[in-house]
Amino acid sequence: MTITVKARHPALGAEIRGIDMRQPLDAAALQAVTDAWMKHLVVVFPGQHVTDHEHVAFTRQLGEPEIFHQTSLHLRSDAVREIFLVSNVDQDGRLMQPSAPSQKQLSSSQMWHTDSSYRPIPSDGSLLHGIEISRTGGITQFINMYMVHDDLPDSLRRQVEGRRARHDFSMLHTLVGNPPPSAAERAAMPPVWHPMIRRHPVTGRKSLYISSIYNDAVEGLDDAAARRLIADLTEFAAQPKYMYRHEWEPDDVLMWDNRCTLHAVTPHDPGERRVMHRTTIVGHEPVLAG
Ligand code: OGA
Ligand code: MN
């Protein structure tokens, strides 16, 4: 099979055809995939009817799959622990209410973020498999944060250069109105500080590194000023010229780079089933200051 790569948006996003994710990639195919990924930041593999085990095996070719640390809300698959469940259907197949704590937590992904930024070494990338897709919304949107960095107005650039922001997993609970995490849960994932401008270890390019769902503090700013800065930066970033919006087809697998993109999903009718399975690639190294 020949591998073809076709851009879907000038800023980021491309589709890759000629890959069967159920089979191991040879060295040339793996190189073609990683080259396309580094160039386009988000790549779509259409028509991949993979099992969870095949999804995990494919992920292993790019790095070690992360095991989600939180167990209380059952967002981690019981059957395949490397799978994170982005789903409004429980593991017995029943549609869940939007008021269920797991659904409230998942709703935070409607705000701009990047996966696992609350870890001391955040994830390199994620692979999301659309199993039952939404037709009423559920569009996954991505921003090219290299371009955002390069275009930052001076007034914003001055406020992020040389600064770090704090990323705290516990912020999710407050954000969505769930009960606070236990002391043990909090201790398992303490807040971490990362540079607001980071350098990508592979491409060498600088990007803006922020999160609306995990950033709860910025060095040198009080809480209100920190919140305002993250909001201003997010508003600047979320412009159509920097954004690819992925409208799902069944069995699309989307792979994105968490080091240079933000993503957010649009709301959908909660009466409609939406089942997506995600693997997350463990990061190789701490965030490099830009
Ligand atoms: C994710 C996420 C996007 C979506 O899987 O990391 O943020 O489309 N979800 O549900
Ligand atoms: Mn996410």
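**View 1. The buried side of helix H2.** Helix H2 of this predicted model runs over residues 52-60, and Asp52, His55, Val56, Phe58 and Thr59 are its buried members. They sit on the same side of H2, because the arc they cover around the axis is only 160 degrees. In general, an α-helix makes a turn every 3.6 residues, so residues three or four places apart point the same way. What do the buried residues of H2 pack against? Their partners are three strands: S3, S5 (125-132) and S15 (275-281).

**View 2. Inside the largest nonpolar core.** Here we look at the largest nonpolar core, a set of 26 residues. Leu12, Val42, Phe142, Phe169 and Leu254 are the ones with the most contacts inside it. Three strands each put in at least two residues of this core: S3 (42-45), S4 (84-87) and S13 (253-257). There is also another core lying apart from this one, with 23 residues, including Ala165, Ala226, Ile230 and Ala264.

View 3. Pick out Leu12, one of the residues with the most contacts inside the largest core. Which residues is Leu12 in contact with, once its neighbours within four places in sequence are left aside? There are the residues His40, Leu41 and Val42, then Phe142, Ile143 and Asn144, then Tyr242, Met243 and Tyr244, and also Thr261.

**View 4. Ligand 1 in its surroundings.** Zoom in on ligand 1 and you'll find Val86, Ser109, His113, Asp115, Leu128, Thr140, Trp256, His263, Val265, Arg274 and Arg278 around it. Several side chains come up to oxygen atoms of the ligand. For Thr140, a polar side-chain atom is 2.5 Å from an oxygen of ligand 1. For Arg274, the distance from a side-chain N or O atom to a ligand oxygen is 2.8 Å, and for His113 it is 3.1 Å. How much of ligand 1 does the protein bury? On its own the ligand exposes 290 Å², and the protein buries 97% of that.

**View 5. Asn88, a buried loop residue.** Asn88 belongs to the loop between S4 and helix H3 (101-107). Is Asn88 buried or exposed? With a relative accessible area of 6%, Asn88 is buried, as that value is under 20%. The side chain of Asn88 has two backbone partners to look for here. One of its polar atoms is 2.8 Å from the backbone oxygen of Glu272, and the side chain also reaches the backbone nitrogen of Arg274 at 2.8 Å. Leaving aside neighbours within four places in sequence, the contacts of Asn88 include Arg94, Leu95, Met96 and Gln103, as well as His268, Pro270 and Arg273. Val275 is 187 residues away from Asn88 along the chain, yet their C-alpha atoms are 6.6 Å apart.

**View 6. Two residues with positive phi.** Leu41 has a phi near 75 degrees, which is positive even though the residue isn't a glycine. You'll find Leu41 in the loop between helix H1 (27-40) and S3, where it is buried at 2% relative accessibility. Asp251, also not a glycine, has a positive phi of about 65 degrees. Asp251 is in the loop between strand S12 (243-246) and S13, and at a relative accessible area of 15% Asp251 is buried too.

**View 7. Ser116 and Ile121 in one loop.** The loop between H3 and S5 holds Ser116, and Ile121 is found in that loop as well. Ser116 is buried, with a relative accessible area of 2%, whereas Ile121 counts as partly exposed at 33%. What does each one touch, not counting residues up to four places away in sequence? For Ser116, the list is Glu66, Pro122, Ser123 and Thr280. For Ile121, it is Gly283, His284, Glu285 and Pro286.

**View 8. Asn178 between two helices.** Look for Asn178 in the loop between helix H6 (171-176) and helix H7 (183-188). Asn178 is buried, at 10% relative accessibility. Which backbone oxygen does its side chain reach? The side chain of Asn178 comes to 3.0 Å from the backbone oxygen of Pro101. Besides Pro101, Asn178 touches Leu73, Lys104, Gln105 and His173, not counting residues up to four places away in sequence.

Note on methods:
Residues numbered from 1 in each chain as written. Chains lettered and ligands numbered in written order. Predicted model: local features only at pLDDT ≥ 70, side-chain atom pairs only at ≥ 80, totals over all residues. Heavy atoms only, no water. Core = buried A, V, L, I, M, F, W, Y, C linked by side-chain atoms within 4.5 Å. Buried < 20%, exposed > 50% of the residue type's maximum accessible area, 1.4 Å probe, protein only. Helix = DSSP H or I, 4+ residues; strand = E, 2+ residues; numbered from the N terminus. Contact = heavy atoms within 4.5 Å. Near = heavy atom within 4 Å. Polar contact = N/O pair within 3.5 Å; in protein donor to acceptor, adjacent residues only side chain to side chain. Areas by Shrake-Rupley, 256 points an atom, 1.4 Å probe, with all protein chains shown as cover. Arc of directions from axis to C-beta.
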